Amino acid sequence: MKELYILAVESSCDETSMSIIKNGCEEIATVVLSQIDIHKNYGGVVPEIASRNHIENITIVLEELLSEANMTIDEITAIAVTYGPGLIGSLLIGVQAAKTIALVTGKPLIPVHHIAGHIYANNLEERLKFPLIALVVSGGHSELIYMKEDYSFERIGGTLDDAVGECYDKVAKVLGLSYPGGPLVDKFAHEGKDTYDLPYPLDDKSYNFSFSGIKSAVINLVHNEKQRGNEINVKNLCTTFQNRVVTILTKKTMRALKEYNINNLIVAGGVSANKGLREKLTEECQKENVHLSFPRMSYCTDNAAMIGAAAYFAYQKGILADQTLTAMATDTLYKYK
Ligand code: KG4
Ligand code: ZN
C-alpha cells in the first residue's frame, strides 16, 4: 500500500503545533510551541492572547517542521486539522492555515475532532486493540468511551459538570500554585498524607462523573481554615484530593470494563499524565488482566502528532472537508460511528 504522510495542525488552546505522521502510527517530526509562560501571568489561558500568538507562531512552526522532517510539502499526502472543540479564536488560526495549505497544494483536507486526537495519541505507542474503552481526562473533557473499531465512538458516561483537569487547575489556584496546576498537585500528592475530610465525587452506580462538589469542598475548606487563622497543609490536601479523584476514575473505569466485557483500556488527555492515576490503573489492570495503554508523557497534553495519527483513520473512513470547513467551539465526537 502507498505510504500516507499526513501534515497535521493543532491550535485548539494554547499550543501551536504541527506534525508529520506516516500511516497513522509513525512520527516523522513534530513541533509544539507552548504559550504556557505567557498565560501563567494571568493564572489561566486568555483566549484573545492565545489566538494572537497562534497567528505569530503558525508559519514559524510550519517552516521548522518541514526543515526538521527534511521534507517538502509535495511529499505530503493530506493535510489534517483540529476543527474543534476548543477556543474558537485559537481554532480559527489552525483551520485557516490548514485550508490555505490544502488550497495551494490541492491536497485533501481532513477535519479531526480534538478528542479523537487525544485517543489516537495511544496509536503512536502501539496499534490500538479493539474493542476498547477509552478514559478521556483533560482540561475540557472527562468521558468514558466505547470503541468497537477505528474511528467509531460511543459514549458510556462523562462528567455532569467540570472536567477533571479543570478541577485540578482550580484546586491548584486556591492553593496558590501556578498555572497549569495539574502537574504540581500531582507532584505534591506524592509528598503528603491523606488527612483531610473530602467527599468522593459522585460515588454511584452510573458511569458519570461530577467534580464540582469536590472542587467546592476544597475551596470552602481553604477559606474556612484561613478565616480561623489555621495553616493549610498543601501537600496533605493535594494527596487527599488526588486520592478521591483517582479512586472514582479507577472504580468507574474498571466497572465499565467488566460490565462491557472488554479487556483493552486506553487513557487519554492531559490528565493521563497524572502519576497517581497511572499507578492505580496499572495496578488494577494487572489484577484484572486488562491490556492498558497511556500516551508518552509529552503527548498527553495538546500536540499535532495525535491529530496526524487520528487523521489517518478518519481518512480511511472517508471523512474529508473542503474550503467551507469552519472551526467549532463545541462538537460531538459521537457522530463518528
Ligand atoms: O489535554 P489538555 O492538554 O488540554 C485539553 O484538551 O483540555 O489537558 C490539559 C489539562 C490541564 O487541566 C492540566 O492541569 C492537566 O491537563 N494535567 C494534569 C497533569 N498534567 C496535565 N492534571 C493532573 N495531573 C497531571 N500530572
Ligand atoms: Zn486537549
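Visitor: Is Arg278 buried or exposed?
Guide: Arg278 counts as buried because its relative accessibility is 18%; buried means under 20% relative accessible area, exposed over 50%, and partly exposed in between, with a 1.4 Å probe and protein chains only. This is a predicted model, in which local features need pLDDT of at least 70 and side-chain atom pairs count only at pLDDT 80 or more, while totals for chains, interfaces and linings use all residues; side-chain values use heavy atoms, leaving out hydrogens and water. Residues are numbered from 1 along each chain as its sequence is written, and chains are lettered from A and ligands numbered from 1 in the order in which they are written.

Visitor: Where is Arg278 found?
Guide: Arg278 is part of helix 9 (residues 275-288). Helices (H or I, at least four residues) and strands (E, at least two) are DSSP runs, numbered from the N terminus. Between the C-alpha atoms of Arg278 and Tyr42, which are 236 residues apart along the chain, the distance is 30 Å.

Visitor: And Arg244, buried or exposed?
Guide: Arg244 counts as buried, because its relative accessibility is 8%. Its place is in helix 8 (residues 234-259).

Visitor: On to the metal. Which residues are the protein donors of the zinc ion?
Guide: They are His114 (NE2), His118 (NE2) and Asp302 (OD), at 2.0 to 2.1 Å from the zinc ion, ligand 2. Donors are N, O and S atoms within 2.8 Å of the metal (3.2 Å for Na, K and Ca); water is not among the atoms, so sites may look incomplete.

Visitor: What spacing do these donors follow along the chain?
Guide: The spacing is H-x3-H-x183-D. Distant parts of the chain are linked by the pair of His118, in helix 4 (residues 114-120), and Asp302, in the loop between strand 10 (291-293) and helix 10 (304-316); the two are 184 residues apart. Both His118 and Asp302 are buried.

Visitor: What about ligand 1: how many residues surround it?
Guide: There are 19, and the closest are His118, Gly139, Asp169, Gly270 and Asn274. A residue is near a molecule or strand if one of its heavy atoms lies within 4 Å of it. The shell divides into five nonpolar, 11 polar and three charged residues. In that scheme Ala, Val, Leu, Ile, Met, Phe, Trp, Tyr, Cys and Pro count as nonpolar, Asp, Glu, Lys and Arg as charged, and the others, Gly among them, as polar.

Visitor: Why does ligand 1 lie between domain 1 and domain 2?
Guide: Domain 1 (5-120 + 299-335) and domain 2 (128-294) both give residues to the shell, so ligand 1 lies between them. The domain bounds come from an automatic or database domain assignment.

Visitor: How far is an oxygen atom of ligand 1 from an N or O atom in the side chain of Asp169?
Guide: That distance is 2.6 Å. For the side chain of His118, the corresponding distance from an oxygen atom of ligand 1 to an N or O atom is 3.0 Å. A polar backbone atom of Gly165 is 3.1 Å from an oxygen atom of ligand 1. Of the 550 Å² of accessible area that ligand 1 has on its own, the protein covers 88%; such areas come from the Shrake-Rupley method with a 1.4 Å probe, and for residues only the protein chains shown count as cover.

Visitor: New topic, the backbone. Which residues does a cis peptide bond join?
Guide: One such bond joins Gly84 and Pro85, with omega about -10 degrees. Pro85 belongs to the loop between strand 4 (78-84) and helix 3 (88-105). Phe130 and Pro131 are also joined by a cis peptide bond, with omega about -5 degrees.

Visitor: Which residue has a positive phi although it is not a glycine?
Guide: Tyr151 is one of them, with phi about 55 degrees. This residue sits in the loop between strand 7 (142-147) and strand 8 (154-158), and Tyr151 is buried because its relative accessible area is 0%. Leu202 also has a positive phi, about 45 degrees, without being a glycine. At 26% relative accessibility, Leu202 counts as partly exposed.

Methods. A polar contact is a pair of N or O atoms within 3.5 Å; within protein, one must be able to donate a hydrogen and the other to accept it, and residues adjacent in sequence count only if both atoms are side-chain atoms.
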